[in-house]
Amino acid sequence: MRYIEPHAHMVSRTTDDYLAMATAGCLAVCEPAFWAGFDRSSVDGFYDYFRQLTDYEPKRAAKFGLAHYCWLCLNPKESEDIKLAEEVLGIIPEFLNRPSVLGIGEIGLNKNSRNELAVFEKHVDLAARHGQLILIHTPHLEDKLKGTRLIIDALKADGRVAPERVIIDHVEEHTIQLVLDAGFWAGMTLYPESKCTAARAADMIEMYSSERLWMNSACDWGVSVPLAVPRAALEMRLRGHTAKAVDAMIYGNPIRFLSQSKNFRSCS
Amino acid sequence: MKREQVIDLYFMEARAKLIDLAAFLDRVDRAPGTDDFRMTAFRHAMQELPVNQPNLAKRVLLSLSDPTTEPLPAATAKTAAGAWPGPK
């Protein structure tokens, strides 16, 4: 089995996780910028985080034979402070030409506030001006439906956004159709408690077109499973999906989306 | 998969979850105090299950979701509760 982990916060994980993922067939891991579990106090904190994502973490992954890519942004959880957000947006272009940067992400909404939406639109503008792919976080639990609708409306309102260059992540049964019908890619995040189980992901693969779908573990410092993608692949096999269909879902689809970035190098 | 194959694969897991759910409701009912908005929403969402219609997972998720469309004036918390408390 071979697979791409399209969404994992490896700075929060151990080398044991890298070893287990590589052993399970992972060839590349993609790491969106995210919230540290606390609000960073200044733009300097982000500068150092972006250095970690673009410089140090690829080297750590390489020790296990894994390619490491990243996405850059200020997370929606830190978007209430517009001044800080604008400072962070100001330093991102300096990193966009680094060889492992895939685009802008994971941007989006958390509690669906006005400032979050304003900062989301600023990120979309940055991505459009620099020709970057976009990876979007949709809110948690009761906030997901509303947030997904607001995000789709904002993207549709910006005529520069090509839906096929945007993936909207963390979809569930009540949001997947909205995302796919609007022409975007959709990501299913495999979590033990929230978001989506492997069985539910397989349900959605069977119920909707899988052409623009991927699965990810989004493993981070919380309750999450770095091997969630290969376990979901096993779930698909137990349900009778062919090896070819599984390969398309966990390897082919991520490759097709990510190859739209000039920095993504084919891995096999 | 045929229906029997689906049942073979998932029945025991679903059975365990159903019993866990029942035990959770018992546990809540034994505890002194009253339901908060989360349990109210939870009990309401459970009413979606007996309906003999498709897309039950989607119906339960919609039942627990914030149905409004206007952005909040400001985010006053970072976490979600799992159920919409209703208009404030």
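Predicted model: local features only at pLDDT ≥ 70, side-chain atom pairs only at ≥ 80, totals over all residues.
In chain A, the axes of H4(A) and H5(A) cross at roughly 40°, so the two helices are oblique to each other. Here is a short tour, starting with that pair.

**The H4–H5 pair in chain A**
- The axes of H4(A) and H5(A) come within 11 Å, and their crossing is right-handed.
- On the H4(A) side you will find A:Leu117, A:Phe120, A:Glu121 and A:Val124, which meet A:Leu150, A:Ile151, A:Ala154 and A:Leu155 of H5(A).
- By type, the residues of this contact are seven nonpolar, no polar and one charged.

**The sheet of chain A**
- Eight strands form an open sheet in the order E1-E2-E3-E4-E5-E6-E7-E8, with parallel pairing.
- Strand E1 (3-5) and strand E8 (213-216) are the edge strands, each pairing on one side only.
- From one strand to the next, the twist averages 25°.
- Strands E6 (residues 166-168) and E7 (residues 185-189) pair over two bridges, and A:Ile167 stands opposite A:Trp185 in E7(A).

**Helices on the sheet**
- Helix H2 (residues 43-62) of chain A lies across strands E2, E3 and E4, running at about 165° to E3(A).
- Helix H8 (residues 228-238) of chain A touches E1 and E8, and its direction makes about 135° with that of E1(A).

**Where chain A meets chain B**
- Chain A gives 28 residues to the contact and chain B gives 24 residues.
- H4, H5 and H7 (198-207) of chain A each supply at least two residues of the side of chain A that touches chain B, and H5(A) has the largest share, with five residues.
- That side of chain A divides into seven nonpolar, seven polar and 14 charged residues.

Technical notes
Residues numbered from 1 in each chain as written. Chains lettered and ligands numbered in written order. Contact = placed C-beta atoms within 7 Å. Helix = DSSP H or I, 4+ residues; strand = E, 2+ residues; numbered from the N terminus. Nonpolar A, V, L, I, M, F, W, Y, C, P; charged D, E, K, R; others polar. Axes fitted to C-alpha atoms, helices over the stretch in contact; angles between N-to-C directions. Parallel < 35°, antiparallel > 145°, perpendicular 65-115°, else oblique. Left-handed = near helix turned anticlockwise from the far one by under 90°. Pairing = 2+ DSSP bridges.
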